[in-house]
Amino acid sequence: MTYINSGNILFESEEEIVHIVEELETLFEQEYNFPILFTLLTEEMVSKDLFPDWWEDEIARRDVLFLTKGLDMDEVRQALSSFPLQDEKIFFGKYAIFWGKYQESSYLQTSYHKLLIKQPFYKQLTIRNGNTYTKIREILEKRNNG
């Protein structure tokens, strides 16, 4: 199942995650003549228990940054921790980085807007807006409870 035109595919499998990643990498290499970076997330990785308390506050913009294969969370954390936060919050989760921007009017001054894109690892992130992330989580919860 896909969820809108968001680049997200939801599926069930009994396969080990490592095996699924290998199969997807092979498929993408065969089908496309350019690299496709992706992150395979398990249901646990998008659990409501893993995002910050402030996630559901009144925040103008929310984004979830997932690291692709080979990108080190500690390196990314170190770089992002040095950013001067401008009306924004960062939460380093177990599987993702949650970034909230409080005011739409100050968005263009945020480190998210001004500094993140300049980082060498930026192209190795896969970013989903907060609404997409929340909707995917709700779909998974409904599937398991329904």
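Is Tyr 107 buried or exposed, and what is its relative accessible area? I looked this up before anything else, keeping in mind that the model is predicted, and I found that Tyr 107 is buried, with a relative accessible area of 13%.

**Entry 1: the rings around Tyr 112**

I then looked at Tyr 112, which at 10% relative accessibility also counts as buried, because the cut-off for that word is under 20%. The rings of Tyr 107 and Tyr 112 have centres 6.3 Å apart and planes at 50 degrees, so I noted the pair as tilted.

**Entry 2: other aromatic rings**

I searched the whole structure for aromatic pairs and came to 15 of them. One of these joins Phe 28 and Tyr 32, which I wrote down as tilted, with 6.3 Å from centre to centre and 55 degrees between the planes. Tyr 32 is partly exposed, at a relative accessible area of 40%, whereas Phe 28 is listed among the buried residues of α1. I also traced one aromatic cluster, which is formed by Phe 51, Trp 54, Trp 55, Phe 66, Phe 91, Phe 98 and Tyr 133. Beside one of its members I noted Arg 62, which lies over the face of Trp 55 at 5.8 Å from the ring centre.

**Entry 3: helix α1**

I turned to α1, which runs over residues 17-31 and has 15 residues. From its first C-alpha to its last it reaches 21 Å, close to the 21 Å expected at 1.5 Å a residue. Which residues of α1 are buried? I found Ile 20, Val 21 and Phe 28, and they cover an arc of only 100 degrees around the axis, which puts them on the same side of α1. I reminded myself that an α-helix has 3.6 residues a turn, so residues three or four places apart point the same way. The face of α1 turned away from the buried side carries Val 18, Glu 29 and Gln 30, which are exposed.

I went on to the largest nonpolar core, which has 17 residues, and the ones touching the most other members are Leu 80, Ile 97, Trp 99, Leu 116 and Phe 121. At least two residues of this core come from each of β3 (61-67), α2 (73-81), β4 (88-92) and β5 (96-101), and α2 gives the largest share, with four residues. I noted here that in soluble globular proteins, nonpolar side chains tend to be buried together. Leaving out residues up to four places away in sequence, I listed Leu 71, Val 76, Ala 79, Leu 80 and Leu 116 as the residues that Phe 121 touches. There is also a second, separate core of 15 residues, and among its members are Tyr 3, Leu 10, Trp 54 and Phe 98.

I followed the chain into the loop between α2 and β4, where Asp 87 has its place. Asp 87 counts as partly exposed at 32% relative accessibility, and its phi is near 60 degrees, a positive value in a residue other than glycine. I set this beside the general rule that most residues other than glycine have a negative phi.

I ended with α4 (residues 130-145), where I looked up Gly 130 and Tyr 133. Gly 130 counts as buried at 3% relative accessibility, and Tyr 133 likewise counts as buried at 3%. Gly 130 and Arg 61 are 69 residues apart in sequence, yet I found their C-alpha atoms 7.3 Å apart in space. Not counting residues up to four places away in sequence, Gly 130 touches Trp 55, Arg 62 and Asp 63. With its neighbours within four places left aside, Tyr 133 is in contact with Met 45, Val 46, Ser 47, Phe 51, Trp 55, Val 64, Phe 66 and Phe 98.

How values were computed: Residues numbered from 1 in each chain as written. Predicted model: local features only at pLDDT ≥ 70, side-chain atom pairs only at ≥ 80, totals over all residues. Heavy atoms only, no water. Core = buried A, V, L, I, M, F, W, Y, C linked by side-chain atoms within 4.5 Å. Buried < 20%, exposed > 50% of the residue type's maximum accessible area, 1.4 Å probe, protein only. Contact = heavy atoms within 4.5 Å. Expected span 1.5 Å × (residues − 1). Arc of directions from axis to C-beta. Phe/Tyr/Trp six-rings, centres within 6.5 Å; stacked < 30°, edge-to-face > 60°. Lys NZ or Arg CZ within 6 Å of the ring centre and 35° of its normal.
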